[in-house]
Amino acid sequence: MKLDVMNEWQPTDTPAPALDPRKLVGELKPFTAVHTGRSIWELTATLVPFFALILAMLWAVSAGYLAALLLLPVSGLLLLRTFIIQHDCGHGAYLAKRTSNDWLGRMLGVLTFTPYDCWRRSHTLHHASTGNLDARGFGDVDTLTVAEFRALKPFQRLMYRIYRHPVVLFGIAPAYLFMLRHRLPIGLMRDGRQYWVSALGTNLAMAGMFAALMAFFGVGATLMVLLPTVLVAATAGVWLFYVQHQFEQAHWDKADAWKFHEAALHGSSHLDLPQPLRWFTGNIGMHHVHHLASRIPFYRLPNVLAAYPQLASLNRMTIREAFKPFLLTLWDEDQRRLISFREAKATAAAA
């Protein structure tokens, strides 16, 4: 592939040398080393402006300056970056010790409305089964194959169409996930006491945080600042997660043909965001590298692309191209790509 004058990746007649995902995992191990000083700096550079901005907005709104709500996109993006740090903690990739990662992740979970231990468990299952058609349902966007969709009854097809509609995925789902679903250990209720402690402990800490802020700034100001901030972060996060695995040339296989390393590398995209969005999203757009070697701290992912330029073009999409996958809804096992409902209908008509 090559980079043309319009800064878009275009296919060429000469394919790049094939990457060996298994070999690459070993080569990437040096990048997994945590730099504690850098981690502390990244945490400070995220939380200090986040707290300062939230407190300034609370004071302004409680004093009647509603124009301060125009800062919600910035506070939401800072909270999104906080979630990325929590995400790295879940992989044991942010601090040197597992215990330190876990307790930092739990504390950040109060800010992100996400019970850390529950999320870490479901996210681990997501990493372990990405691209496996026989192990869907763990931290994924529900995706059916063309054959599975055609086998559904009319009402079931309608419900799947509604679920995959952008208004539901990016309008309703973020609020549902972070405001309601995360309040209980959904999916893990019978898997141990720790998940109940995680969910209910996070809820209790959140209630204390809300009570303290309401006492100082009032109920209205607190709700007008905190809830929209969480929704901005949640919506941006759901969009990022969607395009990380829902793109045309994704990678899905039945269990007997599925291979972890190939699915991790080829089933995850590289969303090449411009600055400062790359900073706010903690380089999570380099998701193919992250899925292949999840112990790499987010601030070291650009070093991987610098060392392995071929990875920069693999599954790459720009921010302008990141909205096309919204129309892709079904996995076509014959063509080995995601297609739209319209394409599936046309294929059926032609057959």
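Good morning. Helix 3 (72-90), helix 5 (116-129), helix 8 (166-180) and helix 10 (219-245) each contribute at least two residues to the lining of the largest pocket. Helices here are DSSP runs of H or I with at least four residues, and strands are runs of E with at least two, numbered from the N terminus. The model is predicted, so local features need pLDDT of at least 70 and side-chain atom pairs count only at pLDDT 80 or more, while totals for chains, interfaces and linings use all residues. Residues are numbered from 1 along each chain as its sequence is written, and side-chain values use heavy atoms, with hydrogens and water left out.

Let me stay with the pocket. A 1 Å grid is laid over the protein atoms alone; a pocket is an open set of points with protein on both sides within 12 Å along at least five of seven lines, a cavity is a set where a 1.4 Å probe fits but cannot get out, and lining residues have an atom within 4 Å of a point. Volume is the space filled by probe spheres set on the points, which are joined across faces, edges and corners.

The largest pocket holds about 1,200 Å³ of space. Its lining has 43 residues, with Trp119, Gly139, Leu177, His182 and Phe241 nearest the centre. Helix 10 gives the most, eight residues. By class, the lining has 28 nonpolar, 11 polar and four charged residues. Nonpolar means Ala, Val, Leu, Ile, Met, Phe, Trp, Tyr, Cys and Pro; charged means Asp, Glu, Lys and Arg; the others, Gly among them, are polar.

I turn to the cavities. How many cavities of 30 Å³ or more are there? The count is two. The largest cavity has about 110 Å³ of space, and nearest its centre, among 13 lining residues, lie His126, Asp140, His245, Gln246 and Trp252.

Finally, helix 10 has a packing partner. Helix 2 (residues 36-62) packs against helix 10 at about 140 degrees, the axes being 8 Å apart. Axes are lines fitted to C-alpha atoms over the stretch in contact, and angles run from 0 to 180 degrees between N-to-C directions.
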